[in-house]
Amino acid sequence: ESVDDSTGQILDTLKELGIDDNTLIIFTSDNGGLDNKDNPTNNAPLRSGKGYAYEGGIRVPLLIKWPGVTKPGSTSDVPATSVDFFPTIQSAAGMTMEHESDGVDLRPALEGRDSVGRDSLFWHFPHYRHNPGPYSIIRKGDLKMIKWWAGPEFDLYDLGEDISEANNLAKSHPEKVQALD
């Protein structure tokens, strides 16, 4: 409720200042919600929570209001990541990238297109915070592979068919694991 109230105050202030039609607003989170017995969040149907390699730990809300670009109430299924914010903000400001970035401008997706010109996303979490330890992730289309550096070696999920990551396909599709690895 307090987040809703604060967001409303920000939007009201932008309107009062007359800059609401010239302001890009990005609303997101850094991790999925905490997901254990003592926390108020529930990430279902996503598996797990904050700090974990599963969708409950990395899939977060992303709302973008960009006057003249986004249509109110529109949605997109194009995957995005926080490294995309910098090139997107530069685009909104009319600037061009002077340095190479791992991110891409999200404007095509925000305009309703099905792609931002990238087919894969990558994560690397080199910490021993949770069992089974450090991991890297590659997502290519609906396929998501997790490489566990301390074991087990790989998980593979088809997020288009299994958003809950209940069916590890790594053993039944070793060729896909090898290609993604």
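Which residues lie nearest the centre of the second largest pocket?

The structure is a predicted model, in which local features need pLDDT of at least 70, side-chain atom pairs count only at pLDDT 80 or more, and totals for chains, interfaces and linings use all residues. Residues are numbered from 1 along each chain as its sequence is written, and side-chain values use heavy atoms, with hydrogens and water left out.

Let me begin with the overall architecture. The chain holds five helices and six strands; these are DSSP runs, helices being H or I with at least four residues and strands E with at least two, numbered from the N terminus. Along the sequence their order is α-β-α-β-α-α-β-β-β-β-α. Taken along the principal axes, the C-alpha atoms fill a box of roughly 55 × 40 × 30 Å. Of the 181 residues, 33% are buried, where buried means under 20% relative accessible area, exposed over 50%, and partly exposed in between, with a 1.4 Å probe and protein chains only. The chain exposes about 11800 Å², and carbon and sulfur atoms supply 51% of that area; the areas come from the Shrake-Rupley method with a 1.4 Å probe, and for residues only the protein chains shown count as cover.

Just after α1, Gly-18 has a positive phi of about 75°. In helix α3, residues 85-92, the buried positions are Phe-85, Pro-87, Thr-88 and Gln-90. These buried residues pack against β1 (25-28), β2 (62-65) and α4 (107-110), a contact being heavy atoms within 4.5 Å. Gly-94 follows α3, and its phi is also positive, near 75°.

Next, the backbone of the loops. Most residues other than glycine have a negative phi, and most peptide bonds are trans. In the loop between β1 and α2 (55-58) we find Pro-45, and the peptide bond from Ala-44 to Pro-45 is cis, with omega near 10°. Ser-48 lies in the loop between β1 and α2 as well, and its phi is positive, near 70°. Ser-48 counts as buried because its relative accessibility is 19%. Glu-165, in the loop between β6 (154-158) and α5 (174-180), has a positive phi of about 50°. Glu-165 is buried, with a relative accessible area of 1%.

On a 1 Å grid over the protein atoms alone, a cavity is a set of points where a 1.4 Å probe fits but cannot get out, a pocket is an open set with protein on both sides within 12 Å along at least five of seven lines, and lining residues have an atom within 4 Å of a point. The second largest pocket has a volume of about 190 Å³, a volume being the space filled by probe spheres set on the points. To answer the opening question, Val-78, Pro-79, Arg-118, Asp-119 and Gly-141 lie nearest its centre, out of 13 lining residues. The lining of this pocket has four nonpolar, three polar and six charged residues. Here Ala, Val, Leu, Ile, Met, Phe, Trp, Tyr, Cys and Pro count as nonpolar, Asp, Glu, Lys and Arg as charged, and the others, Gly among them, as polar. The largest cavity holds about 40 Å³, and its lining includes Tyr-52, His-127, Arg-129 and Trp-148.
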